[in-house]
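Let's walk through this fold together, one piece at a time. Have the sequence and the 3D view ready as you read.

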Amino acid sequence: MKTVTLSTLQAFKRAGETFSCLTAYDATFAHAAGEAGIEVLLVGDSLGMVLQGHTSTLPVTLDDVCYHTRCVARGKGASLLMVDLPFMSNATTERLLEDAGALMRAGAEMVKVEGEAWMADGIRELSRRGVPVCAHLGLTPQTVHQLGGYKVQGRDADQAERILEDARTLAEAGASVILLECVPTSLGRAVTEALDVPVIGIGAGADTDGQILVMHDVLGVTAGRQPRFVKNFLAEADDIQGAFRRYHEDVKARRFPAEEHGF
Ligand code: KIV
């Protein structure tokens, strides 16, 4: 695979070609995912749940994310490395810039931040300084306590319109990529069609430009009840490398997600 950059994702969007993204937390799995062709790796703050055993992403620190970013950066090969800004990095623009700087120094090539239209100023400042930003909308796990649980967002027309408007505002402010989590398939399609920037979905239907899953879900090892949008690709493969390849190929061919994975 040729080195994946933001321009690669933009070219995919223009060509109507979908791309695969997967979380990664260490060098070995990052290498395996890159070898399988996965275009974007995310050091997600989901590490707080799947690696550290917390019930939410809130306890994850900047140091935790920097550590896993350095590990993934050493193994990632040609994939683009996106990294999550942890809970409260968005508290002030100053803190946002400092925390994003730490992630970029650790090896991030794009940072992901949760927040709605009010994040526009922070995103504008990051993008002015040459930091590519992915804005995470819909179900934002860092606000789980305010949302009252891990629930589908944008089910009613007003809420859907607000998410669409937030996505427009953040893209205009300089977000290079939008990530939509757990929204109805129709809203995933509407946001993807409305924006020029690539839209990545998780539980957002088959029509977004890219798809992302948590690695532990792809390998079927996550404890507890599985959300509807995940699929165990290891169940259909001989080994971990095969599972990553199967996931990548199914995304590229738009076989995943299927209708049953959407809302
Ligand atoms: O932290 C994470 O892994 C994420 C994905 C679920 C998109 O944000």
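The sulfur of Cys71 lies 11 Å from the closest cysteine sulfur, that of Cys66, which is too far for a bond. Cys71 counts as buried because its relative accessibility is 12% (buried means under 20% relative accessible area, exposed over 50%, and partly exposed in between, with a 1.4 Å probe and protein chains only). As a reminder, a disulfide is a covalent bond between the sulfur atoms of two cysteines. Searching the whole structure turns up 0 disulfides, where a disulfide is taken as a pair of cysteine sulfur atoms within 2.5 Å.

A word on what you are looking at: this is a predicted model, in which local features need pLDDT of at least 70 and side-chain atom pairs count only at pLDDT 80 or more, while totals for chains, interfaces and linings use all residues. Residues are numbered from 1 along each chain as its sequence is written, and side-chain values use heavy atoms, with hydrogens and water left out.

Now for the strands. There are 8 strands that close into a barrel, in the order β1-β2-β3-β4-β5-β6-β7-β8, with parallel pairing. From one strand to the next, the twist averages 25 degrees. Strands (E, at least two residues) and helices (H or I, at least four) are DSSP runs, numbered from the N terminus, and two strands pair if DSSP finds at least two bridges between them.

Cys21 brings us to β1. Strand β1 pairs in the parallel sense with β8 over 4 bridges, and Cys21 stands opposite Ile212 there. With β2 (residues 40-43), β1 pairs in the parallel sense over 3 bridges, and here Cys21 stands opposite Val40. How many residues of β1 are buried? The count is 5 of the 5, so β1 is largely enclosed by the rest of the structure. In a regular strand the side chains alternate between the two faces of the sheet. Both faces of β1 are covered, with Phe19, Cys21 and Thr23 buried on one side and Ser20 and Leu22 buried on the other.

Lys112 has Cys134 in β5 as its bridge partner. Helix α5 (residues 93-106) packs on the sheet and touches β3 (80-84) and β4, its direction making about 140 degrees with that of β4. Such angles run from 0 to 180 degrees between N-to-C directions, with axes fitted to C-alpha atoms, for helices over the stretch in contact.

Within α5 you will find Ala102, which counts as buried at 18% relative accessibility. Leaving aside residues up to four places away in sequence, Ala102 touches Leu62 and Cys66, contact meaning heavy atoms within 4.5 Å.

Our last stop is helix α11 (residues 240-252), which has 13 residues. Its buried residues are Gly242, Ala243, Phe244, Tyr247, His248, Asp250 and Val251. What covers them includes β1 (19-23), α2 (27-35), β8 (210-213) and α10 (215-218). After α11 comes Arg254, whose phi is positive, near 55 degrees.

Notes. The expected span of a helix is 1.5 Å times one less than its number of residues.
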